[in-house]
Structures are given as C-alpha cells and as structure tokens.
Amino acid sequence: MSRPPLVSIGLPTMDSRRFLAARLESITRQTFQDWELVVIDGQSVDGTFETLSGMAATDPRVRLYQEPRDGIYPNFNRCAERALGKYVYIATSDDTMADDCLEKMVAALEANPDCDLAHCPMRVIGPDGGDGIDWWSGQSMFARSSGDWLRRPHKRAAPFDGLLCLLGVNVYSSVTQLLIRRTLFEKIGYYRADWGSVGDFHWSLRAGLAASSVHVPDTWASWRMHEGQATAAARLGSQAHEEKIDGMIADALSGGVISESLASRASELRTFLREFDGRSGSLARKAYVVKSALAGSRPAFAYLASHLPGRKRWPRYAPEIVRSWLPSPITPLA
C-alpha cells in the first residue's frame, strides 16, 4: 500500500461554480504537491459537481463525495474526517491562496512539532479577485496582538490565542489561513453547526486554548468579500451575535480547560470593553472608566495607566493586557 499524502486539502462546495476555477487553480499550482483533495459537495445544481467530476476522473488525488445540504460546518467536518494526511487544509470554495502557501506552512509545522497550527497572513480580495480593503493587517485581533511580530515568524504558546478569543473576537479571521495538524481534531473535536454562520469562532477558541501555533508571514491565503458568503448574514456586533459569542465562550470553558483565574480575568476585560464601547460620547466613556476604577476594576486601571506620559495608548480589545497574563506567549523564530 502506498503511503498517505502529507496534506489533505478539504474542499467544501455548494453551488460555487462562479469562483471554482480560481480555487482549483490555486490548488493545482501549489509548489507543494504531496496532497490529496477531498471534495464534499452539498448537492450543487449549478454545474459545480460536474466540473469536479471531470477533475476527479483525471486526477487520482481527488476524492469526490456528495452529501446533504446541511451547512458549511458539517462539510468542514466531513473533509477532516475523511482526510488521510498528517495535515488538513480547508480550502473554502470562494477563496484562493499563494502558490507557496502549503509549502511554507508544511515546513513550519514540520520544524515545530510542538505546534498544531500554522497560520499565515490574509489577503482580502473582492468578488472579481482584485485587491479589497486590507482591514486584516491593521484591525484584526491577530495583527493587534502580534505588534511588530506580524511580519516576522514567531510561535504563539497556548492558551494565548484562546485567551484573545475570550475577548469576543476571533483571532483566526479565516480557516483558509490555517494548516491544521490532523491530531488536533482528535484533541478538541470538530466544528459545531448549532452556532450558525459564526460557528468557526467556537472551534478557533477551543483550538487557541489547547494548541500552540506558528506564524508564517511570507505567504498568504485570501478571504473573498462578496454578498453570498456565509458570514454576510451574521449581523456582527448585534445583540444576537454577542449572545452567541457569550454562549460559545461559556461552552468552551465548561470543561475547565484553563484556570479559573485566567477565565475570570478574561471575562472582566471583555465586560469592560463591551460596556466601554457601548457608551456614546467621550464624557460617558470617561464617567464609566472612573466609576469602574472606583469599584476596583483592573481593566479600568489599565485604561487610566495607558494615558500616562510615555505609555502606549489604550488599544481596542487590549491584547497587550492579555499578553501580560502569560510569561512568554510569543517566541521569535529565526
């Protein structure tokens, strides 16, 4: 019997013919070629399945399945469950990646066996594949928490990324940025579909609490912004969204995966940030900070300290505070 491929690329599809050619080209052009392609199609009716059937007929590395139309996360799971490779890459059907993306992330995980995730930068693209607005490198939680290390290779020790997620924002903006050691699914489980279109936050939170990661800055994976994507209807920032985030956090922490002290500090910081952002106008925010400080709030004291001369001003989501809870959450790599 021949050995399994090193990487299993999972391709969940459903009526994605519009973007399929670009996605398939980004896979076949990879400089790393020791892969299999596990395609899970959700009963497409636009010609997607026929296109993929033609590819499967000519490339023995392609395994094609049709499954019920029951959502994106069940198909993420089917890809991972059927994977034979040591590493799993979920190639969402409307996105792309650099030609050397797999090569560089595989090398990073091979060189760092203590890490279960390799992570690369995001390139935001529009519906036509052109450059979109780059919010990731300046506004994402990953960028804010990395600081000067965003464009340099580094390791991030668990549970740092998970603690950042406890502030209510996904530190891994897109699954396309991740190469996952397959054994991590055995450790933390698969994606859950009961949280709707933002259920990847729940998996990322559990992964960040349990798994260290290695950042690979000199390649990229894309996130295509268009009206038909699953997150377009997520109502980010709404009360319903915040309630889902709270529910996912409570569920992920129910097994006691981190100390009560860390969980409590993260909850306190998330509450402060949410209440602070919920005040309209600088006077209302200042009054809230003073009231919270008088009540002994640690985040309020951190906010006030950030305004002292020579100190870094208060950053939204306060990743620097989270970094201070751990001895060495970020380690540089040569």
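Where in this predicted model is the place of asparagine 170?

View 1. Asparagine 170 is found in the loop between α7, which spans residues 160–165, and β8. With a relative accessible area of 15%, asparagine 170 is buried, because the cut-off for that term is under 20%. A polar atom of the asparagine 170 side chain lies 3.1 Å from the backbone nitrogen of tyrosine 172, and the side chain of asparagine 170 is also joined to the side chain of serine 204 by a polar contact of 3.3 Å. When residues up to four places away in sequence are not counted, the residues that asparagine 170 touches are Met141, Cys165, Asp200, Phe201 and Ser204.

**View 2. The open sheet of nine strands.** The strands of this sheet, whose pairing is mixed, follow one another in the order β3-β2-β1-β4-β8-β5-β9-β7-β11. At the edges stand β3 (62–66) and β11 (330–332), and each has a single partner strand, so one side of each is left without a neighbour in the sheet. On average, and with direction ignored, neighbouring strands of this sheet are turned by 20° against each other.

**View 3. The pairing of β5 with β9.** Strand β5, made of residues 117–119, and strand β9, made of residues 213–215, run parallel and are joined by three bridges. Within this pairing, histidine 119 stands opposite histidine 215, which belongs to β9.

**View 4. Helices α2 and α4 lying across strands of the sheet.** Helix α2, formed by residues 48–58, lies across β1 (7–13), β2 (35–41) and β3, and the helix runs at about 150° to β3. Helix α4, formed by residues 101–111, lies across β1, β4 (87–90), β5, β8 (178–181) and β9, and this helix runs at about 40° to β8.

**View 5. The contact of helix α11 with helix α13.** Two packed helices are described by the angle between their axes and the distance between the axes. For helix α11 (residues 260–278) and helix α13 (residues 298–305), the axes come within 8 Å and cross at roughly 60°, and α11 and α13 are therefore oblique to each other. From α11, the contact is made by Arg265, Glu268, Leu269, Phe272 and Phe276, while Arg298, Pro299, Ala300 and Tyr303 take part from α13. Sorted by kind, the residues of this contact between α11 and α13 comprise six nonpolar and three charged residues, with no polar ones.

Conventions. Residues numbered from 1 in each chain as written. Predicted model: local features only at pLDDT ≥ 70, side-chain atom pairs only at ≥ 80, totals over all residues. Heavy atoms only, no water. Pairing = 2+ DSSP bridges. Helix = DSSP H or I, 4+ residues; strand = E, 2+ residues; numbered from the N terminus. Axes fitted to C-alpha atoms, helices over the stretch in contact; angles between N-to-C directions. Contact = heavy atoms within 4.5 Å. Buried < 20%, exposed > 50% of the residue type's maximum accessible area, 1.4 Å probe, protein only. Polar contact = N/O pair within 3.5 Å; in protein donor to acceptor, adjacent residues only side chain to side chain. Parallel < 35°, antiparallel > 145°, perpendicular 65-115°, else oblique. Nonpolar A, V, L, I, M, F, W, Y, C, P; charged D, E, K, R; others polar.
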